[in-house]
Amino acid sequence: MRRNIDYHIHSTFSDGELHPTEILKAAEGKNLKSICITDHFSLTKLALNEEELDIYFNTLENQNNSALSIFMGLEVDLSSIKDFISLTKHSWDLILFEYVFFWPDWEKKLHEVIRFKKDYFDYNIGLAHTRFTRLPESRINYVLSKITKYEIIIELNTGYKNYLDPWFGYLDETFLFSLGSDAHMEYQLGEVTAAWTYLESREIPSTCVIDLKK
Ligand SMILES: [Zn+2]
(Lines give C-alpha, C1' and ligand atoms only; values in the text may rest on other atoms or scores of the structure.)
Protein backbone atom coordinates (compact mmCIF):
# COMPACT_ATOMS: atom_id res chain seq x y z
CA MET A 1 0.00 0.00 0.00
CA ARG A 2 1.27 3.46 -0.86
CA ARG A 3 2.21 5.73 2.02
CA ASN A 4 2.23 9.53 2.07
CA ILE A 5 5.96 9.93 2.56
CA ASP A 6 8.78 11.98 1.07
CA TYR A 7 12.30 11.20 2.29
CA HIS A 8 14.36 13.62 0.19
CA ILE A 9 13.67 17.32 0.73
CA HIS A 10 15.92 20.39 0.74
CA SER A 11 15.40 23.44 2.95
CA THR A 12 16.98 26.87 3.28
CA PHE A 13 19.77 25.16 5.24
CA SER A 14 21.18 24.23 1.83
CA ASP A 15 19.70 25.07 -1.58
CA GLY A 16 15.97 24.71 -0.90
CA GLU A 17 13.53 27.62 -0.98
CA LEU A 18 11.55 26.89 2.20
CA HIS A 19 12.55 26.91 5.85
CA PRO A 20 11.82 23.60 7.64
CA THR A 21 8.83 25.26 9.37
CA GLU A 22 7.39 26.20 5.97
CA ILE A 23 8.11 22.71 4.62
CA LEU A 24 6.18 21.18 7.49
CA LYS A 25 3.20 23.46 6.89
CA ALA A 26 3.21 22.74 3.16
CA ALA A 27 3.58 19.00 3.79
CA GLU A 28 0.57 19.06 6.10
CA GLY A 29 -1.40 20.85 3.38
CA LYS A 30 -0.50 18.04 0.98
CA ASN A 31 -1.57 15.40 3.50
CA LEU A 32 1.93 13.93 3.85
CA LYS A 33 2.33 11.78 6.95
CA SER A 34 6.08 11.34 7.15
CA ILE A 35 8.87 13.48 5.72
CA CYS A 36 12.66 13.56 5.98
CA ILE A 37 14.59 16.74 5.31
CA THR A 38 17.93 15.87 3.71
CA ASP A 39 19.98 19.01 3.18
CA HIS A 40 23.29 18.92 1.35
CA PHE A 41 26.52 18.36 3.24
CA SER A 42 29.16 19.22 0.67
CA LEU A 43 32.08 21.50 -0.07
CA THR A 44 31.20 22.15 -3.67
CA LYS A 45 27.65 23.47 -3.59
CA LEU A 46 25.30 25.54 -1.48
CA ALA A 47 25.36 23.25 1.52
CA LEU A 48 25.79 22.75 5.23
CA ASN A 49 29.31 22.75 6.61
CA GLU A 50 30.53 20.98 9.74
CA GLU A 51 29.87 23.96 12.00
CA GLU A 52 26.26 24.21 10.83
CA LEU A 53 25.25 20.61 11.54
CA ASP A 54 24.31 21.39 15.18
CA ILE A 55 21.89 24.19 14.42
CA TYR A 56 20.43 22.28 11.47
CA PHE A 57 19.82 19.15 13.53
CA ASN A 58 18.38 21.09 16.47
CA THR A 59 16.08 23.11 14.23
CA LEU A 60 14.66 19.93 12.68
CA GLU A 61 14.39 18.21 16.04
CA ASN A 62 12.34 21.09 17.42
CA GLN A 63 9.78 21.10 14.62
CA ASN A 64 6.44 19.80 15.80
CA ASN A 65 3.29 18.92 13.98
CA SER A 66 0.55 16.61 15.21
CA ALA A 67 -0.46 15.68 11.64
CA LEU A 68 2.87 14.28 10.45
CA SER A 69 6.31 13.09 11.50
CA ILE A 70 9.46 14.92 10.51
CA PHE A 71 12.82 13.16 10.35
CA MET A 72 16.39 14.44 10.32
CA GLY A 73 18.44 13.56 7.30
CA LEU A 74 21.44 14.54 5.23
CA GLU A 75 22.49 14.20 1.63
CA VAL A 76 26.24 13.73 1.78
CA ASP A 77 28.66 14.38 -1.05
CA LEU A 78 31.30 11.72 -0.44
CA SER A 79 33.96 13.63 -2.32
CA SER A 80 33.73 16.42 0.25
CA ILE A 81 34.29 14.70 3.54
CA LYS A 82 37.63 13.94 5.12
CA ASP A 83 36.27 11.52 7.66
CA PHE A 84 32.91 10.44 9.01
CA ILE A 85 33.35 11.75 12.54
CA SER A 86 31.37 14.93 11.92
CA LEU A 87 28.44 12.80 10.78
CA THR A 88 28.35 10.68 13.90
CA LYS A 89 27.65 13.43 16.43
CA HIS A 90 23.90 13.40 15.77
CA SER A 91 21.40 10.61 15.48
CA TRP A 92 20.35 11.13 11.88
CA ASP A 93 17.33 9.19 10.71
CA LEU A 94 18.58 8.84 7.14
CA ILE A 95 21.89 9.61 5.44
CA LEU A 96 21.85 9.55 1.66
CA PHE A 97 25.23 9.45 -0.10
CA GLU A 98 25.40 10.95 -3.57
CA TYR A 99 27.88 10.52 -6.42
CA VAL A 100 29.05 7.11 -5.20
CA PHE A 101 29.18 5.67 -8.71
CA PHE A 102 29.95 8.97 -10.40
CA TRP A 103 33.68 8.96 -9.91
CA PRO A 104 36.31 6.74 -11.49
CA ASP A 105 37.11 5.44 -8.01
CA TRP A 106 33.57 4.20 -7.38
CA GLU A 107 34.76 1.01 -5.72
CA LYS A 108 36.63 2.95 -3.06
CA LYS A 109 33.56 5.16 -2.54
CA LEU A 110 31.28 2.15 -2.19
CA HIS A 111 33.58 0.70 0.45
CA GLU A 112 33.56 3.99 2.34
CA VAL A 113 29.77 3.82 2.48
CA ILE A 114 29.93 0.18 3.62
CA ARG A 115 32.54 1.00 6.24
CA PHE A 116 30.35 3.79 7.59
CA LYS A 117 27.38 1.42 7.75
CA LYS A 118 29.47 -1.25 9.49
CA ASP A 119 31.02 1.12 12.01
CA TYR A 120 27.84 3.10 12.74
CA PHE A 121 25.10 0.60 12.05
CA ASP A 122 22.39 2.62 13.80
CA TYR A 123 21.93 4.87 10.79
CA ASN A 124 19.77 4.27 7.77
CA ILE A 125 22.30 4.59 4.96
CA GLY A 126 21.17 5.06 1.40
CA LEU A 127 22.38 5.91 -2.08
CA ALA A 128 20.78 9.12 -3.36
CA HIS A 129 19.41 9.00 -6.93
CA THR A 130 21.82 6.21 -7.85
CA ARG A 131 22.39 5.25 -11.43
CA PHE A 132 24.19 1.99 -12.01
CA THR A 133 24.93 2.61 -15.67
CA ARG A 134 28.31 4.14 -14.86
CA LEU A 135 29.47 0.76 -13.61
CA PRO A 136 30.98 -1.84 -15.88
CA GLU A 137 28.19 -4.38 -16.38
CA SER A 138 30.54 -7.15 -15.29
CA ARG A 139 30.57 -5.61 -11.79
CA ILE A 140 26.87 -5.07 -11.27
CA ASN A 141 26.28 -8.38 -9.47
CA TYR A 142 29.22 -7.68 -7.16
CA VAL A 143 27.87 -4.23 -6.31
CA LEU A 144 24.33 -5.44 -5.74
CA SER A 145 25.54 -8.27 -3.50
CA LYS A 146 27.30 -5.68 -1.29
CA ILE A 147 24.22 -3.48 -1.24
CA THR A 148 22.06 -6.41 -0.10
CA LYS A 149 24.58 -7.74 2.40
CA TYR A 150 25.01 -4.42 4.18
CA GLU A 151 21.37 -3.37 3.79
CA ILE A 152 22.22 -0.19 1.93
CA ILE A 153 19.05 1.59 0.89
CA ILE A 154 18.50 2.45 -2.76
CA GLU A 155 16.62 5.66 -3.36
CA LEU A 156 14.00 6.05 -6.06
CA ASN A 157 14.22 9.75 -6.78
CA THR A 158 11.35 11.25 -8.76
CA GLY A 159 13.38 14.42 -9.47
CA TYR A 160 16.15 12.46 -11.26
CA LYS A 161 13.92 9.53 -12.33
CA ASN A 162 16.95 7.32 -11.67
CA TYR A 163 14.75 4.20 -11.59
CA LEU A 164 14.48 4.47 -15.38
CA ASP A 165 18.11 3.29 -15.48
CA PRO A 166 17.76 -0.09 -17.23
CA TRP A 167 19.89 -1.81 -14.61
CA PHE A 168 17.22 -1.17 -12.03
CA GLY A 169 15.77 -4.26 -13.67
CA TYR A 170 18.26 -6.24 -11.56
CA LEU A 171 16.57 -5.07 -8.37
CA ASP A 172 13.82 -7.04 -6.70
CA GLU A 173 12.06 -7.49 -3.38
CA THR A 174 15.31 -8.43 -1.61
CA PHE A 175 16.43 -4.76 -1.65
CA LEU A 176 15.51 -1.84 0.57
CA PHE A 177 14.21 1.32 -1.06
CA SER A 178 13.58 4.90 -0.05
CA LEU A 179 11.31 7.30 -1.92
CA GLY A 180 12.05 10.98 -2.35
CA SER A 181 11.07 13.93 -4.51
CA ASP A 182 14.34 15.87 -4.07
CA ALA A 183 12.09 18.89 -3.58
CA HIS A 184 13.75 22.30 -3.55
CA MET A 185 10.46 24.16 -4.04
CA GLU A 186 7.00 23.77 -2.58
CA TYR A 187 5.32 22.41 -5.70
CA GLN A 188 7.75 19.45 -5.79
CA LEU A 189 7.10 18.42 -2.22
CA GLY A 190 5.63 14.92 -1.84
CA GLU A 191 5.64 14.16 -5.56
CA VAL A 192 6.71 10.54 -5.34
CA THR A 193 3.77 8.98 -7.17
CA ALA A 194 5.91 7.90 -10.13
CA ALA A 195 8.23 5.94 -7.81
CA TRP A 196 5.31 4.02 -6.30
CA THR A 197 4.02 3.32 -9.80
CA TYR A 198 7.45 2.00 -10.81
CA LEU A 199 7.63 -0.36 -7.81
CA GLU A 200 4.12 -1.63 -8.49
CA SER A 201 4.95 -2.21 -12.15
CA ARG A 202 7.89 -4.38 -10.99
CA GLU A 203 5.70 -6.12 -8.38
CA ILE A 204 8.04 -5.01 -5.62
CA PRO A 205 5.94 -4.78 -2.44
CA SER A 206 5.61 -1.53 -0.50
CA THR A 207 7.11 -3.29 2.53
CA CYS A 208 10.48 -2.94 0.76
CA VAL A 209 10.19 0.84 1.16
CA ILE A 210 11.70 2.05 4.43
CA ASP A 211 9.33 3.48 7.01
CA LEU A 212 11.08 5.94 9.31
CA LYS A 213 9.76 5.79 12.86
CA LYS A 214 10.12 7.97 15.91
ZN1 LIG B 1 18.95 16.21 -3.14
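1. One definition is needed at the outset: axes are lines fitted to C-alpha atoms, for helices over the stretch in contact, and angles run from 0 to 180 degrees between N-to-C directions. With that understood, helix 2 (residues 53–61) lies across strand 2 (34–41) and strand 3, and runs at about 155 degrees to strand 3. The model under discussion is predicted.

2. On overall composition, the protein chain contains five helices and seven strands. Read from the N terminus, these elements follow the pattern β-α-β-α-β-β-α-β-α-β-β-α. The radius of gyration of the protein chain is 16 Å, close to the 17 Å that the globule rule gives for 214 residues, so the chain is as compact as a globular protein of that length. Taken along the principal axes, the C-alpha atoms fill a box of roughly 45 × 40 × 25 Å.

3. Two totals describe the packing of the chain. Buried residues account for 38% of the 214 residues. Of the contacts between residues at least 6 apart in sequence, 73% join residues at least 24 apart.

4. Seven strands form an open sheet in the order 1-2-3-4-5-6-7, with parallel pairing. Strand 1 (5–9) and strand 7 stand at the edges with a single partner strand each, so one side of each is left without a neighbour in the sheet. From one strand to the next, the twist averages 30 degrees.

5. How many residues of strand 6 (residues 153–157) are buried? Five of the five are, so strand 6 is largely enclosed by the rest of the structure. Ile-153, Glu-155 and Asn-157 point one way from strand 6, while Ile-154 and Leu-156 point the other way, and all are buried. In general, the side chains of a regular strand alternate between the two faces of the sheet.

6. Strand 6 has a parallel neighbour in strand 5 (residues 125–127), to which two bridges join it. The chain passes from strand 5 through helix 4 (residues 140–149) to strand 6, and this β-α-β crossover is right-handed. Within the pairing, Gly-126 stands opposite Ile-153 of strand 6.

7. Strand 6 is also joined by five bridges to strand 7 (residues 176–180), again with the two running parallel. The bridge partner of Ile-153 in strand 7 is Leu-176. Ile-154 stands opposite Phe-177, and Glu-155 stands opposite Ser-178. Strand 7, although at an edge of the sheet, is mostly covered, with four of its five residues buried.

8. As a general matter, nonpolar side chains in soluble globular proteins tend to be buried together. Not counting residues up to four places away in sequence, Phe-97 touches Val-76, Leu-78, Val-113, Leu-127 and Ala-128.

9. The loop between strand 4 (94–98) and helix 3 (106–119) holds Val-100. Is Val-100 buried or exposed? A residue counts as buried if 20 or more other C-beta atoms lie within 10 Å of its own; Val-100 has 21, so it is buried. Leaving aside residues up to four places away in sequence, Val-100 touches Leu-78, Trp-106, Lys-109, Leu-110, Val-113, Leu-127 and Thr-130. Val-100 and Leu-24 are 76 residues apart in sequence and 30 Å apart in space, C-alpha to C-alpha.

10. Tyr-99 is found in the loop between strand 4 and helix 3. Its phi is near 65 degrees, a positive value in a residue other than glycine. Most residues other than glycine have a negative phi. With 19 other C-beta atoms within 10 Å, Tyr-99 is partly exposed.

11. A positive phi is also found at Asn-31, where it is about 65 degrees although the residue is not a glycine. Asn-31 lies in the loop between helix 1 (20–29) and strand 2. Which exposure class applies to Asn-31? Asn-31 counts as exposed, with 10 C-beta neighbours inside 10 Å.

Terms used: Residues numbered from 1 in each chain as written. Predicted model: local features only at pLDDT ≥ 70, side-chain atom pairs only at ≥ 80, totals over all residues. Buried ≥ 20, exposed ≤ 12 C-beta atoms within 10 Å, placed from the backbone. Pairing = 2+ DSSP bridges. Right-handed = clockwise from strand over helix to strand, strands pointing away. Contact = placed C-beta atoms within 7 Å. Rg over C-alpha atoms; globule rule 2.2 N^0.38 Å.
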